[in-house]
Amino acid sequence: MAKNVKGMQNGAVPSEVAKRDKNLKRGNWGNQIEFVLTSVGYAVGLGNVWRFPYLCYRNGGGAFMFPYFIMLVFCGIPLFFMELSFGQFASQGCLGVWRISPMFKGVGYGMMVVSTYIGIYYNVVICIAFYYFFSSMTPVLPWAFCNNPWNTRDCAGVLDATNFTNGSDLAHGSLNLSHLLNHTMKRTSPSEEYWRRYVLKLSDDIGNFGEVQLPLLGCLGVSWVVVFLCLIRGVKSSGKVVYFTATFPYVVLTILFVRGVTLEGAFTGIMYYLTPQWDKILEAKVWGDAASQIFYSLGCAWGGLITMASYNKFHNNCYRDSIIISITNCATSVYAGFVIFSILGFMANHLGVDVSRVADHGPGLAFVAYPEALTLLPISPLWSLLFFFMLILLGLGTQFCLLETLVTAVVDEVGNEWILKKKTYVTLAVAIAGFLLGVPLTSQAGIYWLLLMDNYAASFSLVVISCIMCVTIMYIYGHRNYFQDIQMMLGFPPPLFFQMCWRFVSPAIIFFILIFTVIQYRPITYNQYQYPGWAVAIGFLMALSSVICIPLYALFQLCRVDGDTFLQRLKNATTPSRDWGPALPEHRTGRYAPATGISPEDGLEVQPLHPDKAHNLLRGSNGSAHPQDSRI
């Protein structure tokens, strides 16, 4: 009885409890906590700290919240649930799941291309966090003052102003500093100059690579070594690591939040964060950024959600998991925004300027605003170590899944015993390739290329891939078939809201956002730097390289499939393959039951079950489908 109750906690069908539910060939998570923590670590990443607050800052503060939550409810969560259920049902990675409609396997290859691009530059951001982490191991943080060889005359630090004024003259010093800023309009903080002139040694053009920064290159090597070691045994090893990597960042965020809101002027920054500028709502770019952030943050269309869910047990309640993970992710984004803007408000108050003038744009926000804030804390090197260690953990949680997505896709595609035994070597090969491809991003022009990849390679190509995946499953495979699959797996069909979003709302919203974005497109810039035309062209090629996989593979499949006419070939190419369905034989019930399940002496004719008759199967107490016993 106890075993039966335990089996039902994950949504298991009662009569299935005694059956083997583990995939011994591919492996499973040690328990469901590992899957949830891994998925939280995957979804809650660097984007929650350096991308979401930056998008709020750029798109009108609190006005950005409205399109963000609209996109979350009608696109983000439904597609998150779809990808989890998709991977869990088939127990396959982002390539193997397309047995559901082989013609669209190019969607899986597109996901691999996107994950490759993100994995390359994501680890570069982690390596910069490593660099700051090691640089914090000093009595005085190197970006605290303006008396370093790399500083310019325009440098004006918060601590410098405090040092040169005693308590009674602090207001006078701040006024003088404010007057100086208003006069020159060139205020730069010591943390900003440390970032641009020392860490990056930023060149003047994206084509001027200059030299590879050896300290960054060394940190990049450390990043890839850590990722490889944590994935050396696949989900068995990474599932244990996430107990720490997925939980510790919240401890540090809370410490920084408490410190931030107690600073003078923090309320001003928080109001700038929350007060909406409603005129921004009419700009398609704001909605586009909201959609992009949802997909970027939740990890939709990367292939990682499908991959992680493929290691679940068949009857795990992925509907529950999708709600928990999505809400946790978005709450973390908003929480991190409070931490960022409380610090920006304090800096603006101290300098006597508007909040919009104290922060940099782009990923540098986390390496400019945060480091300067850390200099204000007691024992600042300790807090700096903790903060950048948190950034490292946030990044690694996502990077684990990116690498595992590529490795799982390769291993599942080959599928033989040899590749399963050599999976560690596949992981090593992918890690080495990722390190080599990331080397140019450690040059003096590296930040330009990193932002180019971030804006084009991993932006609206994600939206296109998700839209095509949604349309394929709902209209090519058929929504009724998919709803029956979910009912067989979970014991209940997807709620009506998700059914409507999958079929109508999500694809429609994504389509119209794409149209508006094309109309209001503006070339990429980095502060005052305008990207040249050839660089923008490379950006578009990176975006197309993932999307183009879909029509190219569709044409390839049409050429190789059997059929006398084009319509016959099209039908055969989109029909699910024979091995589509649950991976384990004991889960292949109903229309997935093998045709040889009844012996000849039973005197019964064996026929495949028609999909429309699937609902006539016997039902368990939780609504799941079960085939009748073969001997009637």
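**Helix packing, salt bridges and backbone notes**

Reader: Helix 5 and helix 8: roughly perpendicular or roughly parallel to each other?

Author: Roughly perpendicular, helix 5 to helix 8. That label covers angles of 65 to 115 degrees; under 35 is roughly parallel, over 145 roughly antiparallel, and the rest oblique. Helices here are DSSP runs of H or I with at least four residues, strands are E runs of at least two, and both are numbered from the N terminus.

Reader: What kind of model is this?

Author: A predicted model: local features need pLDDT of at least 70, side-chain atom pairs count only at pLDDT 80 or more, and totals for chains, interfaces and linings use all residues. Residues are numbered from 1 along each chain as its sequence is written, and side-chain values use heavy atoms, with hydrogens and water left out.

Reader: Back to the packing. At what angle do helix 5 and helix 8 pack?

Author: About 110°, and the axes of helix 5 and helix 8 (residues 190-199) are 13 Å apart. Axes are lines fitted to C-alpha atoms, for helices over the stretch in contact, and angles run from 0 to 180 degrees between N-to-C directions.

Reader: Which residues meet there?

Author: From helix 5, Ile 128, Tyr 131, Tyr 132 and Ser 135. They meet Tyr 194, Trp 195, Tyr 198 and Val 199 of helix 8. Contact means heavy atoms within 4.5 Å.

Reader: New topic. How many salt bridges?

Author: Eight in the structure. The test is a side-chain nitrogen of Lys or Arg within 4 Å of a carboxyl oxygen of Asp or Glu.

Reader: What does Lys 105 pair with?

Author: Glu 413, with the closest N and O atoms 2.5 Å apart. Lys 105 lies in helix 5 and Glu 413 in helix 17 (residues 380-414), so the bridge ties together parts 308 residues apart in sequence.

Reader: Is Lys 105 buried or exposed?

Author: Buried, at 13% relative accessible area. Glu 413 is partly exposed at 36%. Buried means under 20% relative accessible area, exposed over 50%, partly exposed in between (1.4 Å probe, protein chains only).

Reader: And what about Asp 579?

Author: Asp 579 bridges to Arg 99, closest N and O atoms 3.5 Å apart. Those two are 480 residues apart: Asp 579 sits in the loop between helix 25 (566-574) and strand 3 (618-619), Arg 99 in the loop between helix 4 (65-90) and helix 5 (105-135). Asp 579 is partly exposed at 41%. Arg 99 is partly exposed too, at 28%.

Reader: How far does helix 15 reach?

Author: Helix 15 (residues 318-351) spans 49 Å from its first C-alpha to its last over 34 residues, close to the expected 50 Å. The expected span is 1.5 Å times one less than the number of residues. Helix 15 is mostly covered, with 24 of its 34 residues buried.

Reader: Which residue caps its N-terminal end?

Author: Asn 317 caps helix 15, through a side-chain oxygen 3.3 Å from the backbone nitrogen of Tyr 319. After helix 15 comes Gly 352, with a positive phi near 70°.

Reader: Which residue has a positive phi although it is not a glycine?

Author: Ser 91 is one, at about 50°. Ser 91 is in the loop between helix 4 and helix 5, and is buried at 8%. Ala 301 also has a positive phi, near 75°. Ala 301 lies in the loop between helix 13 (284-298) and helix 14 (304-309), buried at 0%.

Methods. A polar contact is a pair of N or O atoms within 3.5 Å; within protein, one must be able to donate a hydrogen and the other to accept it, and residues adjacent in sequence count only if both atoms are side-chain atoms.
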